[in-house]
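Here's a quick look at how this chain packs together. Have the sequence and the 3D view open while you read.

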Amino acid sequence: MEHAPAYRNPHEDLAYIRRTLDAAGRLSSVSGRGLVLIGFLGLGAVAVNALATGAPWQAGAGVESLGVWAVCLVASFAVGVTSMDRKARRMGQRLWTPVLQKALWSYASAMVLGAVLSLAVLRAGRLALLPALWLGCYGAALTSTGVFSVSPVRWMGISFLVLSLIAVLAPPSVGLALLALGFGWLHIGFGAYIAGRHDG
């Protein structure tokens, strides 16, 4: 946590107060290093789908192809929470703050919608829609959460939304490549930027 300077320069005191209020109103504990690790988990899920199980929407792919992404989701959530907690502690802040609670409402609503729509797609047998659906709902979650956090989070969400549009227009055969680009490389790229520009 930033400490107030000992001297009493009015202009610097005012700048300190502004920085403190800005930090209090923004979710600054998003961990760039955690996002990079989540990106590698996403690439790992794509690799398993490509080399072992087949993508969920491919003929002959079993339920284990969807299980790969369920495991990736749970592992990514654990990495995200753990890395944010470590960053908050390193910055002398609490993880569970009113700003985080507001951000979670925005994040969770889009993710729950994604789960409901995924169930609808599974029941209809239209699994080729999953890449567009997952990229779009996750992009919406990040874009709305980014309102409370550092700006790269919002731009990462917008990038996911663009990938979702491409997935709608592209043939199903590029679905895994788009998931690798989104859940893999977007996480790694934006995570590295946040780690370098926003304290880890």
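This is a predicted model: local features need pLDDT of at least 70, side-chain atom pairs count only at pLDDT 80 or more; totals for chains, interfaces and linings use all residues.

Let's start inside: the largest nonpolar core has 39 residues. Leu-27, Trp-69, Trp-134, Leu-135, Phe-160, Leu-179 and Phe-183 are the ones with the most contacts inside this core. At least two core residues come from each of H2, H3, H4, H5, H6 and H7, and H5 gives the largest share, with 8 residues.

| Helix | Residues |
|---|---|
| H2 | 32-53 |
| H3 | 64-90 |
| H4 | 98-124 |
| H5 | 130-145 |
| H6 | 151-169 |
| H7 | 175-197 |

Leaving out residues up to four places away in sequence, Trp-134 touches Leu-66, Trp-69, Ser-118, Leu-179 and Phe-183.

Now for the helix pair. The axes of H5 and H6 come within 7 Å and cross at roughly 160°. Angles over 145 degrees count as roughly antiparallel, so that's how H5 and H6 run relative to each other. The crossing of H5 past H6 is left-handed. On the H5 side, the contact residues include Leu-135, Gly-136 and Gly-139; on the H6 side, Gly-157, Phe-160 and Ser-164 are among them. Sorted by class, this contact has 14 nonpolar, 5 polar and 1 charged residues.

Last stop: Asp-199, in the segment after H7. Phi of Asp-199 is near 65°, a positive value in a residue other than glycine. Is Asp-199 buried or exposed? Asp-199 is exposed, with a relative accessible area of 55%.

Methods
Residues are numbered from 1 along each chain as its sequence is written. Side-chain values use heavy atoms; hydrogens and water are left out. A nonpolar core is a set of buried Ala, Val, Leu, Ile, Met, Phe, Trp, Tyr and Cys residues joined through side-chain atoms within 4.5 Å. Buried means under 20% relative accessible area, exposed over 50%, partly exposed in between (1.4 Å probe, protein chains only). Helices (H or I, at least four residues) and strands (E, at least two) are DSSP runs, numbered from the N terminus. Contact means heavy atoms within 4.5 Å. Axes are lines fitted to C-alpha atoms, for helices over the stretch in contact, and angles run from 0 to 180 degrees between N-to-C directions. Angles under 35 degrees count as roughly parallel, over 145 as roughly antiparallel, 65 to 115 as roughly perpendicular and the rest as oblique. A crossing is left-handed if the near helix is turned anticlockwise from the far one by less than a right angle, and right-handed if clockwise. Ala, Val, Leu, Ile, Met, Phe, Trp, Tyr, Cys and Pro count as nonpolar, Asp, Glu, Lys and Arg as charged, and the others, Gly among them, as polar.
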